[in-house]
Amino acid sequence: MAGNDSLPPWPRNQRQFHAARYRRGQLHILRSVSDSMVASLRGIAGLIPNLPRDKRIMRLEHILVAAPKDFLRDFRAAIHVGLRTRDAEKLKQQDLAESAFILWLCALWLWSLPTSSPVSQVPSRQNLPARTAKWLAFVRATYGEESEIGRRWSALPASEEGRLLTESHYCIVKAAAEKDPQSIYSHPEATTDRLLWCLRVIREESFVSPNLDGEVANQTDEIILFLEQDVTFTEVG
């Protein structure tokens, strides 16, 4: 019918028939690959009974609980102040998971600096879980200011999206510091430049996956961080 741009309910000729069959075949392949990938990720994320979790896989749920007590207190306080929730599922649904990861990495970086402790002890990498500390060492070596990538990033202006996100995250950091002057986010190294760096690192080291919890009603994608550790690391102390 003239003026009707909708596709016919059934192929009208051999060419349309073969095109439709090819498309169905490609969609079937994509669904099979996606289902296989999700099944594998569920396995290594420890979501399948009797299969141990690969500790290099970090979901949002993991970063909200796995850290030293003081670190976790400051991090959770910051996301509560800035993102209005500490619930992993709500953060995913509101598309705030990336922001939580960025604030987490910023806190990791600050925690590793000699004057960032909210208490009298001097923090070091041994305060963090060993695997997280090793990943932070990898991040420093790969993306730090003295690395090739770090130097390239320093010369690269932020995109408009990156600038706006960084300003938003900086407001969260300042709000957390104002609410608790002893917060790790009160450190003078908690700058917009550092937050932009954290944004870039998280986007390089993470990937987006379909929701791994397997809930049909919840198809919210999630961000997964893989803790690469291909770097020589010497324990402190």
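Reply: A nonpolar core is taken here as a set of buried Ala, Val, Leu, Ile, Met, Phe, Trp, Tyr and Cys residues that are joined through side-chain atoms within 4.5 Å. Buried stands for under 20% relative accessible area, exposed for over 50%, and partly exposed for what lies in between, with a 1.4 Å probe and protein chains only. The model is predicted, and local features need pLDDT of at least 70, while side-chain atom pairs count only at pLDDT 80 or more, and totals for chains, interfaces and linings use all residues. Residues are numbered from 1 along each chain as its sequence is written, and side-chain values use heavy atoms, with hydrogens and water left out.

The chain contains 9 helices and 3 strands, where helices (H or I, at least four residues) and strands (E, at least two) are DSSP runs numbered from the N terminus. Their order along the sequence is α-β-α-α-α-α-α-α-α-α-β-β. Of the 237 residues in the chain, 41% are buried. Contact means heavy atoms within 4.5 Å, and among contacts between residues at least 6 apart in sequence, 68% join residues at least 24 apart.

The largest nonpolar core holds 51 residues, and F75, W104 and Y185 are those with the most contacts inside it. At least two residues of this core come from each of α2 (60-63), α3 (69-83), α4 (88-93), α5 (97-111), α6 (130-143), α8 (160-179), α9 (192-205) and β3 (222-226). Among these elements α5 gives the most, with 13 residues. Once its neighbours within four places in sequence are set aside, F75 is in contact with I63, L64, A100, L103, W104 and Y185. Apart from this core lies another, of 6 residues, including V38, A45, L212 and I224.

Helix α5 deserves a look of its own. Its 15 residues reach 21 Å from the first C-alpha to the last, close to the 21 Å expected at 1.5 Å a residue, the expected span being 1.5 Å times one less than the number of residues. Because 15 of the 15 residues of α5 are buried, this helix is largely enclosed by the rest of the structure.

Helix α6 can be followed in the same way. Its 14 residues should span 20 Å at 1.5 Å a residue, and its end C-alpha atoms are 20 Å apart, which agrees. T132, A133, W135, L136, A137, F138, V139 and Y143 are the buried residues of α6, and what covers them includes α5, α7 (148-154), α9 and β3. An α-helix has 3.6 residues a turn, so residues three or four places apart point the same way.

The packing of α6 on α9 has an angle of about 105 degrees, with the axes 12 Å apart. Axes are lines fitted to C-alpha atoms, for helices over the stretch in contact, and angles run from 0 to 180 degrees between N-to-C directions. Angles under 35 degrees count as roughly parallel, over 145 as roughly antiparallel, 65 to 115 as roughly perpendicular and the rest as oblique, so α6 is roughly perpendicular to α9. W135, F138, V139 and Y143 of α6 meet W197, V201, E204 and E205 of α9 in this contact. By class, the contact has 6 nonpolar, no polar and 2 charged residues, where Ala, Val, Leu, Ile, Met, Phe, Trp, Tyr, Cys and Pro count as nonpolar, Asp, Glu, Lys and Arg as charged, and the others, Gly among them, as polar.

R131 also belongs to helix α6, but at 35% relative accessibility R131 counts as partly exposed. Leaving aside neighbours within four places in sequence, R131 is in contact with K55, R56, L227 and Q229. The C-alpha atoms of R131 and Q229 are separated by 8.1 Å, although the two residues are 98 residues apart along the chain.

The loop between α8 and α9 holds S183 and D180. S183, at 7% relative accessibility, counts as buried, whereas D180, at 29%, counts as partly exposed. With residues up to four places away left out, S183 is in contact with D74 and A176, and D180 touches D74 and S186.
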